[in-house]
Amino acid sequence: MKKGFPLPAVHPLQLPLGLIIWALWFVTVYGGLSVGCAIAQPAAEAGALTWINAVLGLLTIAVSVLLLALARFCMLAAQRGEPPERLFIARLAAGAHVIAALSTLITGLPILVFPPCV
Amino acid sequence: MSEQQKTTRATRAAVWHNPTGWRALTVVSHSVIGKRFMWTGLVFFLIGGLLAMLIRAQLAFPDQAFMSSDIYNQVFTMHGTVMMFLFALPMLEGLAMYMIPKMIGARDLAFPRLGAFGYFCYLFGGLILMASIVLAMAPASGWFMYTPLSSDVFSPGLNSDFWLLGVTFVEIAAVTAGIELLVSILRTRTAGMSLSRMPLFVWYILVTSVMVVFGFPPLILGSILLELERAGGLAFFDVARGGDPLLWQHLFWLFGHPEVYIIFLPAAGVISTLIPVFARRPIVGYRAVVLAVLTTGFISFGLWVHHMFTVGIPQLAQAFFSVASMLVAVPTAIQIFAWLATLWGGRPVFSLPMLWVFGFLVIFVFGGLTGVMLALVPFNWQVHDTHFVVAHMHYVLIGGMLFPLVAGIYYWLPLFTGRMPSMQLGRWGFWLSFIGFNLTFLVMHFTGLLGMPRRVYTYEAGLGWDIPNLISSVGGFVMCVGVAMVLLDLIIHARFGRKAKANPWQADTLEWSMPTPPPTWNFDLLPRVRDRHPNHDPQLQDETWLPAMHHGRRETLGCDPVSGEPRQVIHLPTNSWWPFVCALTLAILCVTLLVRAYPLAALAALLSLLLLCGWSWHNGLRKPHARTLPTQDQLPMHFASFDSPGLWGTNAALLASGSLFMSMLFGWFYLWTVAPLWQFPETSPLAWPLLLAVCLLCSLAALLYRRAVVRLRQGDGSTLPRSLWAVAGSGLAACTALALLLRAPLDITGQAHDAVILVMLLYLLLHTGVATLATVLQLRRVTLGYVSAAAPFEVPIVQQLWRYTQLVAWIILLVLIAFPQSWGVYT
């Protein structure tokens, strides 16, 4: 990831990247829920044990892991001897990625509890 | 003062001269435009306040006949509309436009004429809305204009049209200001002001600007669709024709909830600026505050459905928005704790601005807590559409915006007038406002919990609402007296106030390094910044930039967006009639659309197009003095580069357009999946080969343009005319193909499906047309020598237009043809 990731950890676009990923996840989960309910609505009695919850839950975990990996990527860069303004970006971006990951996990918690289409 | 210095000052004054009389309409200086925004916002605030007092007078006692229900509906609708669209945001944008260049060490904003244009759009849009009150045809469907109440069936007059056209016009001003502030902050900071050294207020405005660019287009789209439905009979929100009224609610709140934070964040920026100054220590947790502001900016876009908890959305979806609504309190709390820690660790001085900061902290924290309560779905259901929500909203908006705004105005008053405010009168003003506010709205929470609904023009006696309503009304008038006292203080101080010393508050930001009031060019010499406290740096003037003005150009530094190191000298445009004239013709277009005089509207549209083309044609490069290269600063002029502020401005404008387009796509998929009577015809009404041809032609134009830019970068401008001819030809062919596509048999008044297709095609035609027109103008400018390998900055700007148009064309093909086809909805 250190070499392969297209956006360096000190690039200013890292600052909004994590939260953009959160926003995309949010729209996908909300939109996906509506589409899922429209095409194959599970029975209400199934509670949270449905294919829709499973797909949304897996997506939530995958996005959270990606965001945490990005945070680590930026934190490692912040430990290298970058110029101060680049260090500022790397540290800030690491923080933003962690916040985005936590936001994803916390916002996704209801997937474990609620039936999708009721 | 030596003779040479006098000459230099006279030269500066001549270059940055602001004319008076009628020619004052040509002024583009950020200080003047910022103050105009604020003065106009103040007038609208007084009008909105008067409407509020009418509401409180009506509700003071039960069974009042002071106003009829119809007039009451107009009054509360206009109160909300005026306060949200004509006061809160324009006022803060005005403050930002005035302050930002002074705080970042620039002589003006990046696009001074755009700022002036935005102001006139705001003014004319506001006047159109005000005209509706005078004509007793004011909108009456609430400031959120929910359909179907606002549709032509239930609001048949022009009332709703005033809102839709007037507010859309005002929103143009908001978006232009957002673009201007965004680019100015990223590209015109003084030497050495890296992102990590930016004042916190600038960070807040940066995030707010991005939010404006993304947040306003959904409502602009919603307003266009609703106006098309009302005036042209197109189907978007009518269930019987395949539409859905909830689409309006989504589009409105996609804008509406971020709007609350768009208003709050600049005000919080004022607080983050003032507290360290009056606590006499640097802010605690600068980086945490920046992180909190960024997070707030994003998460605030994920809350919009909490305004729609009662419309019948699945529990799981409600839970997502409920959690996100609670989550946004966390970054807000981080800021509050940073402010408290700064006060705790400092030696606070309770000057007049700090009183208002104190008022903000108390009221906003309370409003934030009731916000968390409203984020809980069951509680939200209980108090939905009651006065509890009204009380919460006013705690957040008045506490979160008005109190910090007054604090900021008192703080920066010496910059505006060179004089200090009166502490005595100011304190009276504060305490009356604070007590009056809490009397009105704290009590209103209980009125709401007792079950009184919003938007009722009167109520029966004996329901338990009499006393709380009377208290709220008395409190409202007490607050009115407080606000009047503040205004009196501000007016009196300008004449009798004590003259301000240099840097009267001992602040550390750059604006206080200037004389009070500052000259129109802000800084004689642009300084180098070495830390976050430049005004406390004794070496501030050791290295300076742009001393010369004898060439007659208005200039400021163009910087690297991250490090703040100077990259280029930006040549700024001077005073001009173009912004006023273009805004005026657009206002005429707006009025002719309003009265449905469509032939006149077509003429006004054509005139507007011609004038806007004329404006784009008459930029500074046509004048000889613009091309004289600087001698004292070893930096290139911006027009010699491929990375000009204009390119950044275009990208920002395209982001705004992209946000509108994404909202359109959301509308398509939303209606497809949710609207109960949405129908696909048996076959697509569009000829897909023709749409594919449009896509290929747009791609060809983008490809040819790219090749031309590559050659130009290599210093070869010889093939540019030929390439531009080819691009213009492709563009013209694409426009023709689109015109043919528009002849498809679309039942736009019968089916939402066809109406959405029409809007998407028109959107694509608009972008293809603009890109083609810009290419033709470029071609002419190349021929005249205004654009060449030595002055290439306009070429990449038009390239972006083609890139974007190409992207839109392919997405439309995918969404309108390929995706439904693969889903099997067309046979």
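Author: This is a predicted model.

Reader: How many of the 17 residues of H16(B) are buried?

Author: A residue counts as buried if 20 or more other C-beta atoms lie within 10 Å of its own. Among those of H16(B) that pass are B:Trp578, B:Val581, B:Leu586 and B:Leu594. The helix is mostly covered, and the number of buried residues is 12.

Reader: Which residue just after H16(B) takes a positive phi?

Author: The phi in question is about 60 degrees. The residue that takes it, just after H16(B), is B:Arg596.

Reader: Which helix gives the largest share of the side of domain 1 of chain B that touches domain 2 of chain B?

Author: Chain B is divided into domain 1 (31-510), domain 2 (574-618) and domain 3 (679-827). Between domain 1 and domain 2 of chain B, the contact takes 13 residues from each. On the side of domain 1, helix H4 (112-134) and helix H5 (159-187) of chain B each supply at least two residues. The largest share, 7 residues, comes from H4(B).

Reader: How many charged residues are on that side of domain 1 of chain B, the one that touches domain 2 of chain B?

Author: By class, this side of domain 1 of chain B has 11 nonpolar residues and no polar ones. The charged residues number 2.

Reader: Which helix gives the most to the side of chain A that touches chain B?

Author: The contact between the chains takes 33 residues from chain A and 26 residues from chain B. Helix H1 (14-39) and helix H3 (84-108) of chain A each supply at least two residues of the chain A side. With 13 residues, the helix that gives the most is H1(A).

Reader: Is B:Glu543 buried, exposed or partly exposed?

Author: B:Glu543 sits in the loop between strand E1 (526-527) and strand E2 (544-545) of chain B. A residue is buried with 20 or more C-beta neighbours within 10 Å and exposed with 12 or fewer. B:Glu543 has 14 inside 10 Å, so it counts as partly exposed.

Note on methods
Residues are numbered from 1 along each chain as its sequence is written. Chains are lettered from A and ligands numbered from 1 in the order in which they are written. This is a predicted model: local features need pLDDT of at least 70, side-chain atom pairs count only at pLDDT 80 or more; totals for chains, interfaces and linings use all residues. Two residues are in contact if their C-beta atoms, placed from the backbone, lie within 7 Å. Helices (H or I, at least four residues) and strands (E, at least two) are DSSP runs, numbered from the N terminus. Domain bounds come from an automatic or database domain assignment. Ala, Val, Leu, Ile, Met, Phe, Trp, Tyr, Cys and Pro count as nonpolar, Asp, Glu, Lys and Arg as charged, and the others, Gly among them, as polar.
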